[in-house]
Amino acid sequence: MGRNRNMTTASHNGTAGSAASSLLDEVRTCMESAAAHTDLTSFELEWLQCPHKQVEFQIPVELDSGKRTLFTGHRVQWNNARGPYKGGIRFHPSQNRDTTQALAALMTLKTAVLDLPLGGAKGSVNCRTANLSTPELEQISRGYVRALIHDIGADVDVPAPDMYTNERIMGWMTDEYQQITRRFQPGAITGKPLCLGGSRGRRQATARGAFAALREMAALSGTNLQGPVIAVHGFGNIGGNMLRLAEELLGSRVVAVCDSKTGVFAAEGLPVQAVLEHRAQQGSLRHCPIGDTISPEEVLQLEVPVLALASMEGVIHEANATGVAARLVLEAANGPITKQGERTLQSQGTVIIPDLLCNAGGVTVSYFEQIQNAANRYWSVEKVNRHLDHAMSQAVQSVWDKAQQLHTDLRIAAYATAMETVTAAMRARGWS
């Protein structure tokens, strides 16, 4: 399709090459660039660039066929200077230690940007959920908790859902944790079903937080969000909820959305319910009779004011960044733009709202869940959304002010803000 049909409106030791190590290298490079704008010592920077602890383990599972096999799990605990480690668990075949390290580092910085009293961690299991039955998934989930039983808990490290994990999986993990410890501790795991102590508003939290960041940044940069102005790359939990929430929160309409294989486009805005129903019935956007069929790559090139990235790492890179026409790019997923891609976007005048801000809604409401679990008193969804909105607004203003002060872009400002916050806690503890 191209633009004719668009709207007018490496690891630490130096190993590089894979997308996984590239994300880790880029996080560390951003830390180094941001550190130049702070008073961090070289020792403090080095410590912030390394995990405190990482564990790799095997989870034995008996498949429905009767065959026994092993799945590799990881947990990376990056920094807990500000509070218990906190971070999601991904079930995905591309996950490995380097990717998990990068995401754990980002979580440490993300909680600091939002001023949450938490550290950062990340977990993963190398598996393809589409190929696993419900009993097989349950074995993996419970096995993950058994392998880490001495390393997680409400005051130690609090896991949560992430890519291809969900409330049901967190429910199994919560039960396994309590069966082993013989204690009722709902705050040991977040993202749980409501009936097990989960928080209202959690499912939409990442999308809602990203749109709160967009709203604040659009006001600061003078971008009009009214009408059909948003394209969404990704149709998982974040992308799906963006489709649902755009008009309610921003007065905007989504003109395009895609999953990993295909997308749909309608210049005047997609009929939200019809798209969601097709996806629910078919499991994908293939053969969707709504609007025009486009590719995921074409979604990135639409001439819309706002492009929301809600899929995987590295979807915008050196080879395709010149085709991105959006004025504001929203990193609703972790690390969706490579460093080379970012340089190209910046040279075109594109404003990037970084993942440290945009992707922080989920962990913020997970923190609210911990508060509710500790008090054994639960909030209305209105209260959750009100507190999330306030937290995101405060964080955006803080990063915007830092960017103006340092005369730098929003990503470096976010990193500098987070690193200063974590380092202050490290110094207070006498770690440096």
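This is a predicted model: local features need pLDDT of at least 70, side-chain atom pairs count only at pLDDT 80 or more; totals for chains, interfaces and linings use all residues.

Me: How does the radius of gyration of the protein chain fit with that of a compact globule?

Reply: The idea is to set the value against what the chain length would give: for 432 residues a compact globule would have a radius of gyration near 22 Å, and the protein chain, with 21 Å, agrees. Its C-alpha atoms fill a box of roughly 60 × 55 × 45 Å along the principal axes, and 59% of the 432 residues count as buried.

Me: Is strand β7 largely enclosed or open to the outside?

Reply: A residue is called buried when its relative accessible area is under 20%. In strand β7 (residues 252-258), six of the seven residues are buried, so the strand is largely enclosed by the rest of the structure.

Me: Which strands pair with β7, and in what direction do they run?

Reply: Pairing is read from bridges between strands. Strand β6 (residues 227-233) runs parallel to β7 and is joined to it by six bridges, with A231 partnered by A256 in β7. The chain passes from β6 through helix α7 (residues 237-250) to β7, in a β-α-β crossover that is right-handed. Strand β8 (residues 263-265), by contrast, is antiparallel to β7 and joined to it by three bridges; a hairpin of four residues links β7 to β8, and C258 has G263 in β8 as its bridge partner.

Definitions and conventions: Residues are numbered from 1 along each chain as its sequence is written. Side-chain values use heavy atoms; hydrogens and water are left out. Buried means under 20% relative accessible area, exposed over 50%, partly exposed in between (1.4 Å probe, protein chains only). Helices (H or I, at least four residues) and strands (E, at least two) are DSSP runs, numbered from the N terminus. Two strands pair if DSSP finds at least two bridges between them. A crossover is right-handed if, with the strands pointing away from the viewer, the path from the first strand over the helix to the second runs clockwise. The radius of gyration is taken over C-alpha atoms; the globule rule is 2.2 Å times the number of residues to the power 0.38.
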